[in-house]
Amino acid sequence: MTTKTVDVLLVGAGAMSTTLGMILKQLDPSLKICMVERLDHVARESTDGWNNAGTGHAAYCELNYTPEQADGSINTSKAFAINTSFEVSLQFWSYLVEQGNLPSPKEFINPTPHSSFVWGEKNVEFLRKRYDALSQHHCFTDMEYSEDHDTLREWMPLVMKDRDPSDKVAGTRVRYGSDVNFGALARFMVLNLEQQDNFDLLLSRIVEDLDQQADGSWNVKLKNTEKGGSEVINSRFVFLGAGGGALPLLQKSDIPESKGYGGFPVSGMWLVCKRPEIIEQHQAKVYGMAPIGAPPMSVPHLDTRIIDGKKALLFGPFAGFTTKFLKQGSFMDLPCSIRLGNLKPMLSVAKNNMDLTRYLISEVMQSHTSRVDSLRNFFPEAKDEDWELSYAGQRVQIIKPGTETAGKLEFGTEVITAQDGSLAALLGASPGASTAVSAMLSIVERCFAERLKEDSWQQKIRELVPSYGQNMTEDADLLNRVRARTLSVLELDRQA
């Protein structure tokens, strides 16, 4: 058994780990970084293009980010947070493109208008109120709204084709929304990292154990599933960015901050259009309202995708339940994650979320025709034979100790760090990869706090993200400058 010593160990080769690796290498090229991945390819789980929606989540079209409150007002706080977090990602990607660290933007991000579409008097009223609340703010000033059938037909021809003129419908649009191939983006980042000194990528490695040493570093035991044998990597800092696999690894670390956390896996499926002539008629991401009891990842949407240069059209996702934490995981993932410390939170979540349970059961029981029936709300002329089912990646929703109840089900993304800053993990799902840069910068702030005080790091981090340390939600001039640059560099201002 061999032991290798590094400064940083990244577990998982998806969007999160690759982003953190790129940030740290930009801040200090001399850092010895090792990335380990259980599969034999990079970014083949949740980050892969077919395993997620590819939406550059900016809260332009996702109605679940702006819930209606009891008094009828719209809560916009999450929308602003997600919008500006995505702007941070766009800044970082723009920097990498300008420096030649990433290829032409169209290889990983493409302009795709973000639209919302609703029907029925009550939902139209909600969308109108949402538009009024958001469009007054500089983050959303370019949002358009219409209840006019002809206008909506221009925005989303398939959705409006042969729809009854008397139908009460409404839509919004932001022209410079984006479709992101996060799998391609992650692979391009790894390709760049591999060209730098002091970086190693180890594929087909499963983390068997994590053991903190007296000096605060970690010994991480790996099993080589391709060649056999084991190896140990000693690292001053460990990041667990393994998607659904992060929770079991966090539990192996046994840090106090991991106590009480559990996971609720939700699978996803898409309807994929098989007819090119239909695919060509749609150019947008059109989001609707989530069914009652549905998790946020199941908000229905009809999506234009550009995956490895080829245009596709997807509808969904349709949720399901499995005990796997990863698409290529084990059915024992969920049972093996249960501990005495998280049993009570997990049982209370199961008891208090019966709507979700019933929803997932109904989703699993759906036939192909019933799924296409859901699609017909968005595309009235959809035919069963023109669509086929494709399985997306796994999402593990966070179960954490609560205050009012024994457990709380969270649908967001959460960073967990050890008190000494030697280990960090990222749990959760949406908005996920879209806000990867903000999430990884928060890890740099918590786990590399002393280095971040250095002038060189401060200067560099503001080159990577010019808005760093400033509030784009409050500073309109700053946001407008940042947005003008990123739309230009990433070519999101070109005609979709």
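Predicted model: local features only at pLDDT ≥ 70, side-chain atom pairs only at ≥ 80, totals over all residues.
In which helix is the place of L343?

**View 1. Strand β14 is mostly covered.** Welcome to the stretch of residues 301–307, where seven of the seven residues are buried. H301, D303, R305 and I307 point one way from β14, while L302, T304 and I306 point the other way. In a regular strand, side chains alternate between the two faces of the sheet. Residues pointing either way from β14 are buried.

**View 2. β14 pairs with strand β13.** Here you meet β13, which spans residues 285–287. The two strands run in the antiparallel sense and share three bridges. To find your way, look for V286, whose bridge partner in β14 is L302.

**View 3. β14 also pairs with strand β15.** β15 covers residues 310–320. Its pairing with β14 is antiparallel too, with seven bridges. A handy landmark is R305, which stands opposite A312 in β15. Two residues lie between the strands of this hairpin, and D308 takes a positive phi near 55° there.

**View 4. Three residues make a nonpolar surface patch.** Now for the residue from the opening question: L343 sits in helix α10, which is made of residues 340–352. Is L343 buried, exposed or partly exposed, and why? L343 counts as partly exposed because its relative accessibility is 35%, and that class lies between the cut-offs of under 20% for buried and over 50% for exposed.

Note on methods:
Residues numbered from 1 in each chain as written. Heavy atoms only, no water. Buried < 20%, exposed > 50% of the residue type's maximum accessible area, 1.4 Å probe, protein only. Helix = DSSP H or I, 4+ residues; strand = E, 2+ residues; numbered from the N terminus. Pairing = 2+ DSSP bridges. Patch = residues over 30% accessible without salt bridge, like charges linked within 9 Å, V, L, I, M, F, W, Y side chains within 5 Å. Areas by Shrake-Rupley, 256 points an atom, 1.4 Å probe, with all protein chains shown as cover. Salt bridge = Lys/Arg side-chain N within 4 Å of Asp/Glu carboxyl O.
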